[in-house]
There are 2 protein chains.
Amino acid sequence: MATSTEENYLKTILHLEEEKGAAKVGDIATELQLTSGTVTTMMHALSEQGLIDYAPRKGLKLSEEGRLSALQVVRRHRLIELFLVEVMNLDWSEVHDEAEDLEHVISDRLLDRMDEMLGRPTHDPHGDPIPDREGKVTVVVSTSLAKMEVGSYRVVRVSDESSDLLEWLNQKGLTIGQEFELSREDRAAGILEIRRAGEESLQLGLEAAEQVFVEAI
Amino acid sequence: MATSTEENYLKTILHLEEEKGAAKVGDIATELQLTSGTVTTMMHALSEQGLIDYAPRKGLKLSEEGRLSALQVVRRHRLIELFLVEVMNLDWSEVHDEAEDLEHVISDRLLDRMDEMLGRPTHDPHGDPIPDREGKVTVVVSTSLAKMEVGSYRVVRVSDESSDLLEWLNQKGLTIGQEFELSREDRAAGILEIRRAGEESLQLGLEAAEQVFVEAI
DNA sequence: ATTTTTATCTTGATCAATCAAGATAGGGAG
DNA sequence: CTCCCTATCTTGATTGATCAAGATAAAAAT
């Protein structure tokens with residue numbers, strides 16, 4: 001139905017709606033690295049197909065149908081990422097781009113095989129929830145490490161935007177589920193210190209900590 | 001480099017060159033279900049890129065570079081098919097279309113993981129050879145069952161053109177490596193009879209037998 | 001040698017996705 | 001209330017892939 005270009009627009013709109021409450025033409029353009037004129041054109045096309053409610057200059061939002069389509073794309077993306085990590089033994093830092101391409105091409109049949117093989121998982125390698133076939137998502141409650149005070153925490157999610165960060169975290173063993181102690185927060189210097197039993201303590205910049213989401217334990 | 005459309009043209013040209021000695025504009029058009037005008041246009045583009053040697057109205061053939069590109073696409077296609085059968089447990093009758101899409105999208109990194117996981121295989125699920133990274137292929141000597149006389153044979157390759165036939169063969173256990181006896185050839189009626197120890201005998205039309213390649217044992 | 005056939009080529013048009021450049025509307029500044 | 005800024009929109013052009021219809025050349029038939 002939707003072309004892969006359209007799928008990418010839908011995914012971006014969903015992302016922006018979750019991130020900032022609403023998606024604006026300019027933000028979509030920035031995220032997809034396109035000019036706003038191009039985005040405007042596509043908004044008409046998506047509106048035509050009933051995938052978004054669009055009132056020129058007033059705003060736009062995903063229709064129920066559009067939201068479901070977007071969630072299916074997200075589902076494909078995250079299942080593929082998990083498959084690449086679990087089955088193909090790729091690193092969590094290198095699966096995003098691959099999934100970005102595969103998500104538009106994989107058949108429902110193959111996707112279901114992956115899903116089955118992985119035991120109908122609910123979360124991808126970065127801790128993001130995998131929508132089920134009906135588009136339902138299990139919400140993860142977590143707060144950015146950057147906002148936390150000294151105490152004990154568990155990593156529940158890491159933003160997959162920066163593969164450099166993912167690589168570093170992986171190397172340091174700070175993966176999903178990992179428990180640690182936030183032993184020092186030096187806000188002035190913008191540095192957090194992390195400790196784990198039997199490991200050297202780690203220093204982490206606030207920038208990076210923004211991307212790591214944890215729950216208290 | 002080449003778009004996936006171009007990759008499909010290259011693959012088709014390679015296929016026709018192997019099949020009939022040379023690829024003609026009209027045959028490419030038939031195989032890809034396009035008009036010959038469209039193909040002519042693409043011939044200019046491929047020629048421009050040095051992927052084929054093209055003399056309008058006189059003929060065309062893959063250049064060395066084009067042949068290597070085509071072989072890489074074939075390699076991707078066949079490795080993916082084998083992966084889908086061996087790892088994802090899909091049936092050999094349903095992997096062709098999936099591979100057709102995936103072959104243009106999968107990264108070299110992921111492809112190599114598959115290759116490694118499968119133990120650097122040399123043949124796909126239909127018995128077709130998988131070109132190596134340099135484009136070298138291990139040729140399989142085999143003759144169509146349709147041309148054979150009464151005797152003992154082993155299945156070494158099956159054309160993957162008809163998924164119906166593949167399904168039927170699979171159901172009857174006539175898979176790659178299977179040994180059997182051609183017990184009767186009734187050319188007039190266009191029917192062959194096949195026997196295997198402890199199995200009921202099978203009747204196979206010449207049409208179908210054309211697609212099954214065997215070696216004498 | 002002339003005609004006919006048929007494959008191949010060319011041309012003009014279309015569709016999706018895009019950009020650059022210029023037009024416009026709506027919200028805030030004065 | 002008027003002006004201006006900025007986000008959004010419109011327009012005209014481009015690129016890749018395609019088709020339909022008509023032109024042409026090479027081969028085959030007479």
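**Charged side chains and their partners**

D115(B) is buried, because its relative accessible area is 3%, where buried means under 20% relative accessible area, exposed over 50% and partly exposed in between, computed with a 1.4 Å probe on protein chains only. The side chain of D115(B) meets that of R120(B) in a salt bridge of 2.9 Å, N to O, a term that stands for a side-chain nitrogen of Lys or Arg within 4 Å of a carboxyl oxygen of Asp or Glu. R120(B), in turn, counts as partly exposed because its relative accessibility is 39%. In chain A, salt bridges that share partners join R75(A), D112(A), D115(A), R120(A) and R133(A) into one network.

This is a predicted model, in which local features need pLDDT of at least 70 and side-chain atom pairs count only at pLDDT 80 or more, while totals for chains, interfaces and linings use all residues. Residues are numbered from 1 along each chain as its sequence is written, chains are lettered from A and ligands numbered from 1 in the order in which they are written, and side-chain values use heavy atoms, with hydrogens and water left out.

One of the pairs in chain A is that of D115(A) and R75(A), whose side chains meet in a salt bridge of 3.1 Å, N to O. The pair links distant parts of the chain, 40 residues apart, with D115(A) in helix α6 (residues 108–117) and R75(A) in helix α4 (residues 64–86); helices (H or I, at least four residues) and strands (E, at least two) are DSSP runs numbered from the N terminus. Both D115(A) and R75(A) are buried.

A salt bridge of 3.9 Å, N to O, also joins the side chains of D124(A) and R78(A). Here too distant parts of the chain are linked, 46 residues apart, since D124(A) is in the loop between α6 and β3 (143–144) and R78(A) is in helix α4. D124(A) counts as buried because its relative accessibility is 5%, and R78(A) counts as buried at 19%.

Over all chains, a search of the whole structure finds 41 salt bridges. D160(B) is placed in the loop between β4 (151–158) and α7 (163–171) of chain B.
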